Amino acid sequence: MPPLPEAIILVLAPFAPLCSDRVWRHAQVLLLGAMLAPGARTVTTALRVMGLAGERRFTNDHRVLNRAIWSARQGSGMLLGLLITLLVPPGATIVLGADDTVERRSGRKIRAKGCYRDAVRSSHTHVIRCVGLKGVSMMLLVPVPWSQRVWALPVLTAWCWPAEKSKRRRHKTSVDWVRQMMQQVRRWLPGRQLVWVVDGGFAAVSLALACVQHHVTMVSRLRWDAALYHRPEPQPPGKRGPKPTKGKRQRSLQGWAERSDTPWEAVEVAWYGGQLKTLWVFSRTALWSTPKWPPVEMRFVIVCDPEGKLRMEAFFCTDLQATTVQILPWVVMRWAVEVTFAEGRAHRGLETQRPWSDQAIARTTPVRLAWFSIVTLLALRLSQGGPIPVEATAWYHKPEPTFVDCLALVRRHLWRAQYVVNSAADPEFVQFPRKVFELLRTGLPLAA
């Protein structure tokens, strides 16, 4: 493998202690090959694009995923530390998002597959189910210098086995995995202020209680039929029996939304697309309770669009001191997680890998999602904080760079390091039209 640019070495070097030197050499080939390869990101495709199509010991590269000893969780901690060091100011609040996704896979030897609802292709009236693998991913929600929107950078991913095929003593749901990820991040960052933003599917009292216990602020969508209560009244001295954990039942969220005398407050927040939007909000504190769990105290926010274009939504935050101006931007930041999943299927080869062993399956997709964050770090190093070139055409104008432009920037430096910088003194050459050369130079980096 030819020498790499210094900026790329600085990003990849911290991950070298994860495995032995021999395994690390093969891991670099797979990682760089996945960046250069267009289309499906399989092991053989990575070897071809790295010029190793004649390598007879190709099984050594497969063993990086299905047999080699290295810890994905330890690598996730290193990646999170790099992202926070380069993109989060010291002492600033760290915002994390989590969501689950389904990767369509089929095969008799894939034991972790199950039948799930496909959130991408389903709607409110039509549900589409597919066979595949269900994973839960945690991402760092942070702005990048070349974009006005927040990017979701994957850090840690875990697979959810179906209940009937789970090898564990106790089946772990998506909520269980998100709670475990939150506790892991708190151990990694014991002194930082953390905000955990999740979708309405993770709005559970058990998860909110765990966040409060570990001093993590949780923000999520709230069900309209959530049971809300007042604080319990003080008990008379000398009264026997257990003390009540909740008071009288509060008015429902739907009741507040339908009343004509609800004291709405107009606020201006940064909405989707970076535009400022005026919304009506109503906020109160309450105890949220479900059976078999103690109630959790939180602040709920009902959001209404005065123009009537958006449907009314309800959200909650476990930080009682948080204001609506703080909560709503956190809610908007969660959409970056969906953008990352979409770009993963379009440009990172998700659903194109073909391993069937449990070990390789448990490592391949988490590494591909973390590869999104590594490419972002490489683009940050290569651009040195400056603008990233945007490849535009006459029929498609992009106002700012996207992940495709970051990947193209990294590919240009890799191609230059492999073929241009290390040219021999008297290289063999053939006549090559400059127009065709420019077409390859611009087309190969953009191929995804």
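Is H215 buried or exposed? Some notes on that and a few other spots follow.

1. To settle the opening point: H215 has a relative accessibility of 67%, so it counts as exposed. The cut-off for that class is over 50%. Bear in mind that this is a predicted model.

2. The backbone at H215 deserves a look too. Its phi is near 60°, a positive value in a residue other than glycine. As for where to find H215, go to the loop between α7 (205-213) and β6 (216-221).

3. K292 sits in the loop between β9 (276-288) and β10 (296-304), and with a relative accessibility of 85% it counts as exposed.

4. Stepping back to the whole chain, I get 13 helices and 11 strands. The C-alpha trace spans about 95 × 50 × 45 Å along its principal axes. What about the radius of gyration? A compact globule of 448 residues would come out near 22 Å, and the chain has 25 Å, which agrees. Of the 448 residues, 49% count as buried.

5. The buried residues in α9 are T324, I327, L328, W330, V331, V332 and M333. On helices in general, there are 3.6 residues a turn in an α-helix, so residues three or four places apart point the same way.

6. G349 is in the loop between α10 (335-347) and α11 (358-383). Its relative accessibility is 4%, so G349 counts as buried, given that the limit for buried is under 20%. How far is G349 from A37 in sequence and in space? They are 312 residues apart along the sequence, while their C-alpha atoms are 9.5 Å apart.

7. Last, the surface charge. R22, R25, R63 and R67 form a positive surface patch. R22, one of these four, belongs to helix α2 (residues 21-36). At 61% relative accessibility, R22 counts as exposed, so on this score it falls in the class that H215 and K292 also belong to.

How values were computed. Residues numbered from 1 in each chain as written. Predicted model: local features only at pLDDT ≥ 70, side-chain atom pairs only at ≥ 80, totals over all residues. Heavy atoms only, no water. Patch = residues over 30% accessible without salt bridge, like charges linked within 9 Å, V, L, I, M, F, W, Y side chains within 5 Å. Areas by Shrake-Rupley, 256 points an atom, 1.4 Å probe, with all protein chains shown as cover. Salt bridge = Lys/Arg side-chain N within 4 Å of Asp/Glu carboxyl O. Lys, Arg positive; Asp, Glu negative; His and termini not counted. Charge placed at Lys NZ, Arg CZ, Asp CG, Glu CD. Helix = DSSP H or I, 4+ residues; strand = E, 2+ residues; numbered from the N terminus. Buried < 20%, exposed > 50% of the residue type's maximum accessible area, 1.4 Å probe, protein only. Rg over C-alpha atoms; globule rule 2.2 N^0.38 Å.
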